[in-house]
Amino acid sequence: MPQDAPEPVVIHTDGSCLSNPGPGGWAAILQWQGNERELTGSEPDTTNNRMELMAAIMGLNAVTRPMLVDLHTDSRYVMNGVQDWMPRWKANGWKTAAKKPVANQDLWQQLDEAVIRHQVRWHWVKGHAGNPLNERCDVLARSAAEAIALN
């Protein structure tokens with residue numbers, strides 16, 4: 001990396017749902033300049049896709065100024081949505097090619113706003129394949145889902 005290139009914020013995200021739909025949790029681990037921060041949250045009645053989206057949204061929103069971000073996700077839904085589907089949805093007034101409303105539109109719009117503030121490089125990682133930060137995010141997200149399920 002050139003000396004003048006900014007150090008990226010590295011974010012790992014994951015979402016979990018105990019039953020789909022059902023109690024769900026999300027997690028994001030942020031790393032920058034030797035510092036690390038873990039974020040988690042949960043909802044009592046949600047879906048895995050919504051929790052995957054929330055993890056990315058909350059991770060990006062935790063970065064308070066415009067930055068270069070390397071965001072790692074094991075969700076093809078999130079990556080495909082941002083990179084392939086969202087530009088068409090926006091051009092079509094948040095409708096699919098079949099002219100139906102986009103599922104989880106509220107969260108896709110929040111993610112769109114979060115992404116615009118940063119220069120985001122998306123990285124897909126295989127889930128449950130031994131990537132230490134992805135595995136840690138999975139544990140955090142599942143724990144958040146289990147905690148809300150007990151309430």
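1. What radius of gyration would a compact globule with 151 residues have, and what does the protein have? The rule gives a value near 15 Å, and the protein has 15 Å, which agrees. The radius is taken over C-alpha atoms, and the globule rule is 2.2 Å times the number of residues to the power 0.38. The C-alpha atoms fill a box of roughly 45 × 40 × 30 Å along the principal axes.

2. On the basis of the note: this is a predicted model, in which local features need pLDDT of at least 70 and side-chain atom pairs count only at pLDDT 80 or more, while totals for chains, interfaces and linings use all residues. Residues are numbered from 1 along each chain as its sequence is written, and side-chain values use heavy atoms, with hydrogens and water left out.

3. The protein has four helices and five strands, in the order β-β-β-α-β-α-α-β-α along the sequence. Both kinds of element are DSSP runs numbered from the N terminus: helices are H or I with at least four residues, strands are E with at least two. Of contacts (heavy atoms within 4.5 Å) between residues at least 6 apart in sequence, 66% join residues at least 24 apart.

4. Of the 151 residues, 48% count as buried. Buried means under 20% relative accessible area, exposed over 50%, and partly exposed in between, with a 1.4 Å probe and protein chains only. The accessible surface comes to about 7,900 Å², and carbon and sulfur atoms hold 51% of that surface. Areas come from the Shrake-Rupley method with a 1.4 Å probe; for residues, only the protein chains shown count as cover.

5. Strand E4 is largely enclosed by the rest of the structure, because six of its six residues are buried. Leu 68, Asp 70 and His 72 lie on one side, and Val 69, Leu 71 and Thr 73 on the other. In a regular strand, side chains alternate between the two faces of the sheet.

6. E4 has two parallel partners to note. Strand E1 (residues 9–17) pairs with E4 over four bridges in the parallel sense, and His 12 stands opposite His 72. E4 and E5 also run parallel, joined by six bridges, with Leu 68 opposite Gln 119. Two strands pair if DSSP finds at least two bridges between them.

7. Helix H1 (residues 48–61) has 14 residues and reaches 20 Å from first C-alpha to last, close to the 20 Å expected at 1.5 Å a residue. The expected span is 1.5 Å times one less than the number of residues. Ten of the 14 residues in H1 are buried, among them Arg 50, Met 51 and Leu 60.

8. The structure holds six salt bridges, a salt bridge being a side-chain nitrogen of Lys or Arg within 4 Å of a carboxyl oxygen of Asp or Glu. Arg 50 pairs with Asp 106, with the closest N and O atoms 2.9 Å apart. Arg 50 lies in H1 and Asp 106 in helix H3 (residues 105–116), so the pair ties together parts 56 residues apart in sequence. Asp 106 is partly exposed, at 38% relative accessibility.

9. Asp 70 and Arg 121 form a salt bridge at 2.7 Å, N to O. The two residues are 51 apart, in strands E4 (residues 68–73) and E5 (residues 119–124). Asp 70 is buried at 10%, whereas Arg 121 is partly exposed at 37%.

10. Asp 138 and Arg 142 meet in a salt bridge at 3.9 Å, N to O. About one helical turn separates them, because they are four residues apart in helix H4 (residues 132–150). Glu 36, Glu 38 and Arg 136 are linked in a network of salt bridges.
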